[in-house]
Amino acid sequence: MCDASLELGNRVRSNEFKKTAEESIKKITNHEHARVLGSGNAAIMAAMSTVKGSVMIPDQGGWSGFQKIAEFYGLEVVHIPTVMGVIQPETLEEHLKTKSPESLFLTSFAGYMVEQPVKDIYEICEDNGIILVEDASGSVGDPERNLACGDHSHIIVASTGSPKIINLGNGGFISTNNP
């Protein structure tokens, strides 16, 4: 929406909207840095473009774009076994004894239905030097701050297209503490 406004010659106002949106995202996610992007997939691509090693994704209940974007970048994909899409912390710890991915991409809700134990997963990732990327399209603004919270995810990505929690009709964002 900001880009469309720029095309109409409203550069100053568009930049104000974008800056205000990014400041709001930082407050909601508790991250120091945020960028508004053209889509949620653009946010996933931005996060995944920094990955040099393998990418771990849930064997079910995740976003199909994780697999497709990893393949686009030529990254090895490691599937973590789940229980109906939910990553079990003990399974993750066992899995990491034989696999050493650089990152884990997951959705806050497996299949948009069941909450992932993001805090526990984050602690395991942090202890093992794995970047946790949370697709928070369905959980932005969680009042409990269990999901979509920068205290429990290295990177948060989200779509703001329809029908999402933040429904702007299109767009997305990425946030992190790492500039």
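1. Val118 is buried, its relative accessible area being 1%. The assignment follows because buried denotes a value under 20%. It should be kept in mind that the model is predicted.

2. As to its place in the fold, Val118 belongs to helix 6, which covers residues 118–127. When neighbours within four places in sequence are set aside, the residues in contact with Val118 are Leu106, Leu132, Glu134, Asn146, Leu147, His152 and Ser153.

3. Leu132 and Val118 are separated by 14 residues in sequence, and their C-alpha atoms are 9.2 Å apart in space.

4. The second topic is strand 2, formed by residues 55–58, which is covered on both faces. Val55 and Ile57 are buried on one side, while Met56 and Pro58 are buried on the other.

5. Strand 2 runs parallel to strand 3 (residues 77–80), and four bridges join the two. Within this pairing, Ile57 stands opposite His79 of strand 3. Together with helix 4 (residues 64–72), strands 2 and 3 make a β-α-β unit, which is right-handed.

6. Strand 2 is also joined to strand 4 (residues 103–107), here by two bridges, and these strands likewise run parallel.

Definitions and conventions:
Residues numbered from 1 in each chain as written. Predicted model: local features only at pLDDT ≥ 70, side-chain atom pairs only at ≥ 80, totals over all residues. Heavy atoms only, no water. Buried < 20%, exposed > 50% of the residue type's maximum accessible area, 1.4 Å probe, protein only. Contact = heavy atoms within 4.5 Å. Pairing = 2+ DSSP bridges. Right-handed = clockwise from strand over helix to strand, strands pointing away.
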